[in-house]
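Dear colleague,

Please find below the structure that I am handing over to you, followed by an account of what was found in it.

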Amino acid sequence: MKLARSILILFCALTGACSFSYYAQSVSGQAELFRKQLSVQDIIADSATDPQLRQKLAAIEAILEYAYSELALPDNGSYRHYKDLKRDYVVWNIFAAPEFSLQPKQWCYLVVGCVNYRGYFHEQQALATARRLSDRGWEVAVGGVLAYSTLGWFEDPLLNTMLKLETWEIARLLFHELAHQRLYIQHATDFNEAFADAIAEIGLRGWLLTQPPDIRQSAQITLERQEEFISLVLAARDRFASLYQSSLSEQDMRTEKSRLLAQLNTDYRDLSSGWGDDTRYDLWINSEINNARLSALSTYRTLVPDFLAAYKQHGSSLTLFYEWIEKLSDCAENERLYYLHQPELLPSCRP
């Protein structure tokens, strides 16, 4: 019963499913991750283990050691056990935004504070909530999630949802999730996600230097295209933001919004025309692009350049960078952003 209460509190914190009607799925969803976990080392040692799985798990063990020794990320037992969920995603997150705004809807939970999304262990429940929000006039986006961090509450397991990625992508994902365990600030989704993404990028750069040239080259091509895509979408987002701040009528704003959406589609086709058979972002573009999808990308990426600049400002020393970032924990949101844009300054905020 104690575990059930802990699971419920955690699930409420991470997904916002805190009403009594969600009790059963809250407990069963998180508890499912704990049931029948297998030790990663036992799987590797088992002669019956599929060689490809053994190879990938052994690579992950090495990635974790790199995270602990080189990135000073928490070594708290996470990712030392494996769970096959028999599905493609562990949770499904909902993002929502108004028709003429990129300000995301927030849900406020225990422990983690207010965040820009709501998650469900069951896709149909996520879709049902999305439909209700849509009926009330919100633009919504639902996306499957390969992993999430319990912020150190529990020892997070490796999941089959993560293993379909390339090994270097798993490294980036693990660095991101462990970064959440290193630093997390309530009511600061954009800050938290961008910090974790920045640590993932810093970590991946170093980790790739330890890998064979073919892996480095393949990853670099993918990362360059990812950066081109993100820059393209964030530039479009800025154009939408300008539109929503204009004095146009709602009808004229809808007309211009449709034009901007069409322009984004055309710009993407032009960008990706030189990528050969790489169609990894086609699904994103071909799905309904709306303010919810644009704000979701913004949540993760807008502040990343600022974190990377701060890292560089501190001599590319993670020790100094962590010390500086942790001082921001005492700052109000406007103060955090001020210092993040002025990384040469020493934060001075009242707790």
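In which sense, parallel or antiparallel, do strand S2 (residues 81-83) and S8 pair, and over how many bridges? In this predicted model, S2 and S8 pair in the parallel sense, over two bridges. Tyr82 has Leu158 of S8 as its bridge partner.

These two strands belong to an open sheet of three strands, ordered S1-S2-S8, whose pairing is mixed. At its edges are strand S1 (38-39) and strand S8 (158-159), each of which pairs on one side only.

**The antiparallel sheet**

A further open sheet, also of three strands, has the order S6-S3-S7 and antiparallel pairing. Strand S6 (118-120) and strand S7 (139-145) each have a single partner strand, so one side of each is left without a neighbour in the sheet. From one strand to the next, the twist averages 25 degrees. Strand S3 (residues 91-97) pairs with S6 in the antiparallel sense over three bridges, and Asn93 stands opposite Gly119 in S6.

Two helices pack on this sheet. Helix H5 (residues 123-135) touches S3, S6 and S7, and the direction of H5 makes about 10 degrees with that of S3. H12 touches S3 and S7, and the direction of H12 makes about 110 degrees with that of S3.

**A pair of packed helices**

Two packed helices are described by the angle between their axes and the distance between the axes. For helix H8 (residues 189-208) and helix H14 (residues 318-327), the angle is about 180 degrees and the axes lie 13 Å apart. Angles over 145 degrees count as roughly antiparallel, and H8 and H14 are therefore roughly antiparallel to each other. On the H8 side the contact is made by Phe191, Phe195, Ile199 and Ile202, and on the H14 side by Leu318, Phe321, Tyr322 and Ile325. By class, the residues of this contact are eight nonpolar, no polar and no charged.

**Pocket and cavity**

Rolling a probe the size of a water molecule over the atoms shows where empty space is left. The second largest pocket holds about 510 Å³ of space. It is lined by 21 residues, of which Gln103, Pro104, Asn116, Asp190 and Glu333 are the closest to its centre. H8, helix H9 (213-244), helix H12 (291-301) and helix H15 (333-341) are the elements that give two or more residues to the lining of this pocket. H15 gives the most, with four residues. The lining of the second largest pocket divides into seven nonpolar, ten polar and four charged residues.

As for cavities, a search of the whole structure finds one of 30 Å³ or more. About 70 Å³ of space lies in the largest cavity. Which residues line the largest cavity? They are Gln30, Leu33, Tyr79, Val90, Ala147, Tyr148, Thr150, Asp156, Pro157, Leu159 and Met162. By class, this lining has eight nonpolar, two polar and one charged residues.

With kind regards

Technical notes
Residues are numbered from 1 along each chain as its sequence is written. This is a predicted model: local features need pLDDT of at least 70, side-chain atom pairs count only at pLDDT 80 or more; totals for chains, interfaces and linings use all residues. Side-chain values use heavy atoms; hydrogens and water are left out. On a 1 Å grid over the protein atoms alone, a cavity is a set of points where a 1.4 Å probe fits but cannot get out, and a pocket is an open set with protein on both sides within 12 Å along at least five of seven lines; lining residues have an atom within 4 Å of a point. Grid points are joined across faces, edges and corners, and a volume is the space filled by probe spheres set on the points. Ala, Val, Leu, Ile, Met, Phe, Trp, Tyr, Cys and Pro count as nonpolar, Asp, Glu, Lys and Arg as charged, and the others, Gly among them, as polar. Axes are lines fitted to C-alpha atoms, for helices over the stretch in contact, and angles run from 0 to 180 degrees between N-to-C directions. Angles under 35 degrees count as roughly parallel, over 145 as roughly antiparallel, 65 to 115 as roughly perpendicular and the rest as oblique. Contact means heavy atoms within 4.5 Å. Two strands pair if DSSP finds at least two bridges between them.
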